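Here is a friendly walk through one chain, from its overall fold to its surface. Have the viewer open as you read.

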Amino acid sequence: MSVPLWFFITCLAVVGVKTLRPPLWLVIVLLIGGYLLADSLLAPLFDPFVN
């Protein structure tokens with residue numbers, strides 16, 4: 001069975017949030033920060049660590 005990566009990551013995130021119960025502001029800051037970092041000039045600097 002083939003599962004799309006975005007679906008798998010979403011399921012992991014939902015389980016993690018329900019299990020660890022982080023504050024909502026922390027989840028939002030991490031999502032926005034990751035989005036902005038991926039589209040910044042610093043993205044090539046973090047690329048080797050992600051791959």
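How many helices and strands are there in the chain? There are three helices and zero strands, where helices (H or I, at least four residues) and strands (E, at least two) are DSSP runs numbered from the N terminus.

## Ground rules

This is a predicted model, in which local features need pLDDT of at least 70 and side-chain atom pairs count only at pLDDT 80 or more, while totals for chains, interfaces and linings use all residues. Residues are numbered from 1 along each chain as its sequence is written, and side-chain values use heavy atoms, with hydrogens and water left out.

## Overall shape

Read from the N terminus, the elements run α-α-α. The chain is more spread out than a compact globule, because its radius of gyration is 14 Å, well over the 10 Å that the globule rule gives for 51 residues. That radius is taken over C-alpha atoms, and the rule is 2.2 Å times the number of residues to the power 0.38. Along the principal axes, the C-alpha trace spans about 35 × 35 × 15 Å.

Burial tells its own story: 0% of the 51 residues count as buried. Here buried means under 20% relative accessible area, exposed over 50%, and partly exposed in between (1.4 Å probe, protein chains only). The accessible surface of the chain comes to about 5000 Å², and 77% of that belongs to carbon and sulfur atoms. These areas come from the Shrake-Rupley method with a 1.4 Å probe; for residues, only the protein chains shown count as cover.

## The loop at Arg 21

Between helix 1 (5–20) and helix 2 (24–38) there is a loop that holds Arg 21. Phi of Arg 21 is near 50°, a positive value in a residue other than glycine. With 68% relative accessibility, Arg 21 counts as exposed.

The structure holds one aromatic pair. The ring centres of Trp 6 and Phe 7 are 6.0 Å apart and the planes are at 85°, so the pair is edge-to-face. For Phe, Tyr and Trp (its six-membered ring), rings pair if their centres lie within 6.5 Å; planes under 30 degrees apart count as stacked, over 60 as edge-to-face and the rest as tilted. Trp 6 is exposed at 61% relative accessibility, whereas Phe 7 is partly exposed at 41%.

Val 3 sits in the segment before helix 1 and is partly exposed, at 42%.
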